[in-house]
Amino acid sequence: MRVLLDECVPQKLAELISGHTVKTAPQVGWASVKNGELLKLAARDFDVLITVDKRMVTQQDATNLPLPVIVLRGRSTQLKHLKQLVPELLA
């Protein structure tokens with residue numbers, strides 16, 4: 001699966017998502033791209049977008065999102081808290 005990590009997700013999380021091709025928004029040149037445009041761009045090259053931005057789905061029309069969006073909700077957005085969610089994410 002081709003996974004895109006939103007720029008608000010710690011980049012080191014990519015190393016923990018094994019078995020998939022994982023890129024970050026900055027790696028593909030999409031740093032600072034607004035959510036609506038990011039979703040359109042991501043839909044061309046990725047199968048899923050992972051973010052910690054709880055507003056992304058509510059700000060967009062969730063019924064018409066061009067690709068699945070996973071919003072990680074950890075104790076904080078720090079890597080030490082998000083990495084605890086990786087087993088469930090991979091499942």
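Select Asp47 to begin: at 30% relative accessibility this residue counts as partly exposed, a class that lies between buried (under 20% relative accessible area) and exposed (over 50%), with a 1.4 Å probe and protein chains only. What you are viewing is a predicted model, in which local features need pLDDT of at least 70 and side-chain atom pairs count only at pLDDT 80 or more, while totals for chains, interfaces and linings use all residues. Residues are numbered from 1 along each chain as its sequence is written, and side-chain values use heavy atoms, with hydrogens and water left out.

Because Arg2 lies in strand S1 (residues 2-5) and Asp47 in the loop between helix H1 (35-45) and strand S3 (48-51), the pair ties together parts that are 45 residues apart in sequence. Arg2 is itself partly exposed, at a relative accessible area of 37%.

Then move to Asp53 and Arg55, whose closest N and O atoms lie 3.5 Å apart; here Asp53 counts as buried at 13% relative accessibility, whereas Arg55 is exposed at 54%.

Now colour by secondary structure and follow the chain from the N terminus, along which the elements run β-β-α-β-α-β-α-α, giving four helices and four strands; these are DSSP runs, with helices (H or I) of at least four residues and strands (E) of at least two, numbered from the N terminus.

Finally, show the whole protein, whose C-alpha atoms fill a box of roughly 30 × 25 × 25 Å along the principal axes. Buried residues make up 34% of the 91 residues. Among contacts (heavy atoms within 4.5 Å) between residues at least 6 apart in sequence, 47% join residues at least 24 apart. With a surface displayed, the protein exposes about 5500 Å², of which carbon and sulfur atoms supply 48%, by the Shrake-Rupley method with a 1.4 Å probe.

Methods:
Salt bridge = Lys/Arg side-chain N within 4 Å of Asp/Glu carboxyl O.
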